[in-house]
Amino acid sequence: MLEQRDEFIRDNQELKNRLTLLETIWNERKVCSGKTQCLGQKTQCAFYAYYSADFKSLPKGKTFIFDTVVTNIGNGYNESTGAFIAPTPGVFAFSWTLHAAGRHIFGESGQYGEMGALLKQNGIIKGSIAADTEMKTNQGTATGFVILNLTAGDEVEIVSKYDGQGSMYSNDVYGRTTFSGFLIYP
């Protein structure tokens, strides 16, 4: 019951954040109508974020939260929710990478790192990758790349494809688990 309440509170806050962003975009468009470039119609938008440390693989349906944001031009990426909300319409490119660990980083036993990651636009799957290791000391890496036509307010996120197993890398030695995107043209 307490877990459901916490999930409801998180979902409610996420909806408030989305509503605030959409209200901001709407207000900026009203203020800027007739001008060549407005904040709500940015022609520059790019982000790059990654996991700050190695982590346990995620359960099915869990959104990846890339907690270290290096670039966030246009403020479309939210490090609290892991979602990118398009601040402007246009054609965007997205890339995401997973690094599966061939060792038990967090004291697990059994299988080594394996996880799948879906890129979703407004809840609809637009891309899919999987990284898997079968033996100790092996590593598995996968990268996905998609180009999508978005409208302002569309949400793009990376979600676990199935119950993962073992550990995932995100470090300077074995590689970072990352999510990035940029506006190609408005």
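1. F47 and F179 are both buried, where buried means under 20% relative accessible area, exposed over 50% and partly exposed in between (1.4 Å probe, protein chains only). The model is predicted: local features need pLDDT of at least 70, side-chain atom pairs count only at pLDDT 80 or more, and totals for chains, interfaces and linings use all residues. Residues are numbered from 1 along each chain as its sequence is written, and side-chain values use heavy atoms, with hydrogens and water left out.

2. The rings of Y51 and F64 have centres 6.3 Å apart and planes at 90°, so this pair is edge-to-face. Rings of Phe, Tyr and Trp (its six-membered ring) pair if their centres lie within 6.5 Å; planes under 30 degrees apart count as stacked, over 60 as edge-to-face and the rest as tilted. Y51 belongs to the loop between β1 and β2 (55–56), and F64 to the loop between β2 and β3 (68–73), so the contact ties together parts that are 13 residues apart in sequence. Y51 is buried, with a relative accessible area of 11%, and F64 is buried at 0% relative accessibility.

3. The structure holds 16 aromatic pairs. In one of them, the ring centres of F47 and F179 are 4.9 Å apart and the planes stand at 75°, so the pair is edge-to-face. F47 lies in strand β1 (residues 46–50) and F179 in strand β11 (residues 178–185), so this pair ties together parts that are 132 residues apart in sequence. Helices (H or I, at least four residues) and strands (E, at least two) are DSSP runs, numbered from the N terminus. One aromatic cluster is formed by F47, Y51, F55, F64, F66, Y77, F84, F92, F94 and F179.

4. Four strands form an open sheet in the order β4-β9-β6-β7, with antiparallel pairing. Its edge strands, β4 (84–85) and β7 (124–132), each pair on one side only. Two strands pair if DSSP finds at least two bridges between them. Strand β6 (residues 114–121) is joined to the antiparallel strand β9 (residues 155–160) by five bridges, and L119 stands opposite I158 in β9.

5. Two residues other than glycine deserve a check of their backbone angles: N75 has a positive phi near 55°, and N122 has a positive phi near 50°. N75 is placed in the loop between β3 and β4 and counts as exposed at 57% relative accessibility. N122 lies in the loop between β6 and β7 and is partly exposed, with a relative accessible area of 42%.
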